[in-house]
Amino acid sequence: MDLGLAGARVLVTAGAAGIGRAIVEAFLAEGARVFTCDVDEAGLATLPEGVGWRRADVADRGQVAALFQAALLELGGLDVLVNNAGIAGPTGRVDEIHPEDWDRCLEVCLTSQFNCARLAIPHLRESGNASIVNLSSAAGKHGFALRSPYAAAKWGVIGLTKSLAIELGDDGIRVNAILPGLVAGDRQRRVLEAKAQSRGVSYAEMERIAFGYTSIKEYVTPQQLADQILFLASPRGRTISGQAISVDGDTRMLS
C-alpha cells in the first residue's frame, strides 16, 4: 500500500533503538526524509544510510533548540513530528520514590513533548500534510501501581495531545497519541523484572500476571506501532485527530 509519504519531512525523537528505530526505518522505507535524535550516540551511528541525526536529550531545551536547527537545515521544513522519547522511570511506592527520579521521568516522558511541539508547530503550519504523533502508554488510561511517575506522565501526554488537537485544527495540523501495551523489548523486560523483584515473585509469574489483564496474550511489536503511526501521518489519516489510540491487545488493567 502506497501511503503517500514519499518526500515527507519527518522528525522522530529517540530513534536509535526499540520503538523509535522501528518508526525511523518504517518512514524511510516509505520514501520519507527522516531526522532523529537520541542520547545513545553509538546507536545513532548504526542507523541506515540516509537518516540524519544528532545527539540530544529532549528534556533539555537548549539541546532541543540545537536539534531543530540541525533537522530543519537538513530537511528544509517539517511535515511530521513523532514524540517518541521516554524512560521507564522508577519502580516503587510514592513515599519511596526519590523526587529527582520523579522529576526526570516527567521531564523526559511529558515535558520533552512540549519542548519539541512548540518549536515544530510554526513549521508544521507550512505543511500540506502536518501531523504530530505523541507516544503515551496503556499507563495513560489505567492506574499503574508502583509506577506512578510514568503513569502520571503518560496521562499528561493524552491531555497535551487532545488540547493541541483542538488548538491546531484550524491550522490543518493533526495531533494523536498512541498507547502501547506490553511491547516486546529490553525496556519492557526491565520493567517486569523490577516489578517482580518489588513483589517478591519470579519474572515468569510477573509476566503471567501482566498478561492476565489482556485479551490478546502476546507482546506488541515495535513494527505494529510504527505501522499505526505511519497511517496517522499519511494523507489517509487526514481526518483523524485528537485520538488516544490503544495498540495493547485490549489491556483492561495494569498490575
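This briefing looks at helix H3 and at the cysteines of the structure above. Keep in mind that the model is predicted. Helix H3 covers residues 61–75, and its buried residues line one face of the helix. As for the cysteines, a search of the whole structure turns up zero disulfides.

**Helix H3: span and ends**
- With 15 residues, H3 reaches 20 Å from its first C-alpha to its last, close to the 21 Å expected at 1.5 Å a residue.
- At the start of the helix, look for Asp60: one of its side-chain oxygens comes to within 2.9 Å of the backbone nitrogen of Gly62.
- After H3 comes Gly76, which has a positive phi, near 75°.

- The buried residues here are Val64, Leu67, Phe68, Ala71 and Leu75.
- Viewed down the axis of H3, these buried residues fall within an arc of 100°, so they line one face.
- An α-helix has 3.6 residues a turn, so residues three or four places apart point the same way.
- The packing partners of the buried residues are strand S1 (9–12), strand S2 (33–38), strand S3 (52–55) and helix H4 (99–124).
- Gln69 and Leu73, on the other side of H3, are exposed.

- Cys116 is in no disulfide either, since the nearest cysteine sulfur, in Cys37, is 6.5 Å away and a disulfide needs the two sulfurs within 2.5 Å.
- Cys116 counts as buried too, with 0% relative accessibility.

Definitions and conventions: Residues numbered from 1 in each chain as written. Predicted model: local features only at pLDDT ≥ 70, side-chain atom pairs only at ≥ 80, totals over all residues. Heavy atoms only, no water. Helix = DSSP H or I, 4+ residues; strand = E, 2+ residues; numbered from the N terminus. Expected span 1.5 Å × (residues − 1). Buried < 20%, exposed > 50% of the residue type's maximum accessible area, 1.4 Å probe, protein only. Arc of directions from axis to C-beta. Contact = heavy atoms within 4.5 Å. Polar contact = N/O pair within 3.5 Å; in protein donor to acceptor, adjacent residues only side chain to side chain.
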